[in-house]
Amino acid sequence: MTWKNEIKKNDSSLTDETKEAFAKIEEEIRNAFESVDFNLLMSVLTPHGRTKGTYKDKEELVSAMVKDAINRLKSNRLYE
C-alpha cells in the first residue's frame with residue numbers, strides 16, 4: 001500500500017493543498033533516494049524491522065523510506 005492510499009484511508013480531512021504538498025515532497029524524497037546507489041543504501045540500512053529482513057529491491061527500499069519520511073512529517077517528528 002502506498003502512502004497516498006494511506007492518506008486517503010486515514011487522513012480524509014486533509015485539504016487538497018496539503019495532499020498536493022505531500023505529493024511534491026514524496027517526489028523530491030524519491031528522487032533523492034533513487035539517485036543513490038542501491039548497494040550503498042543496502043549496506044547501511046539493513047537489517048531492518050523486527051524480522052531483521054532486507055529489502056528485495058531498490059523500489060521497495062525507496063518506498064519504505066518515502067513512507068517513513070511522510071509519516072514523520074505528518075506526525076511532526078521528522079528529526080526523531
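1. The model is predicted: local features need pLDDT of at least 70, side-chain atom pairs count only at pLDDT 80 or more, and totals for chains, interfaces and linings use all residues. Residues are numbered from 1 along each chain as its sequence is written, and side-chain values use heavy atoms, with hydrogens and water left out.

2. The chain has four helices and zero strands, in the order α-α-α-α from the N terminus. Helices (H or I, at least four residues) and strands (E, at least two) are DSSP runs, numbered from the N terminus.

3. Buried residues make up 22% of the 80 in the chain; buried means under 20% relative accessible area, exposed over 50%, partly exposed in between (1.4 Å probe, protein chains only).

4. Helix α2 spans residues 16-34, 19 residues in total, and reaches 27 Å from first C-alpha to last, close to the 27 Å expected at 1.5 Å a residue. That expected span is 1.5 Å times one less than the number of residues.

5. In α2, F22, E26, I29 and R30 are buried. They fall within an arc of 100° seen down the axis, so they line one face of the helix; the arc is that of the directions from the helix axis to the C-beta atoms. Turned away from this buried side are the exposed residues D16, E17, E20, K24, E27 and E28.

6. R30 has a relative accessible area of 18%. Leaving out residues up to four places away in sequence, R30 touches E59, V62, S63 and V66, where contact means heavy atoms within 4.5 Å. The side chains of R30 and E59 make a polar contact at 3.0 Å (a pair of N or O atoms within 3.5 Å; within protein, one must be able to donate a hydrogen and the other to accept it, and residues adjacent in sequence count only if both atoms are side-chain atoms).
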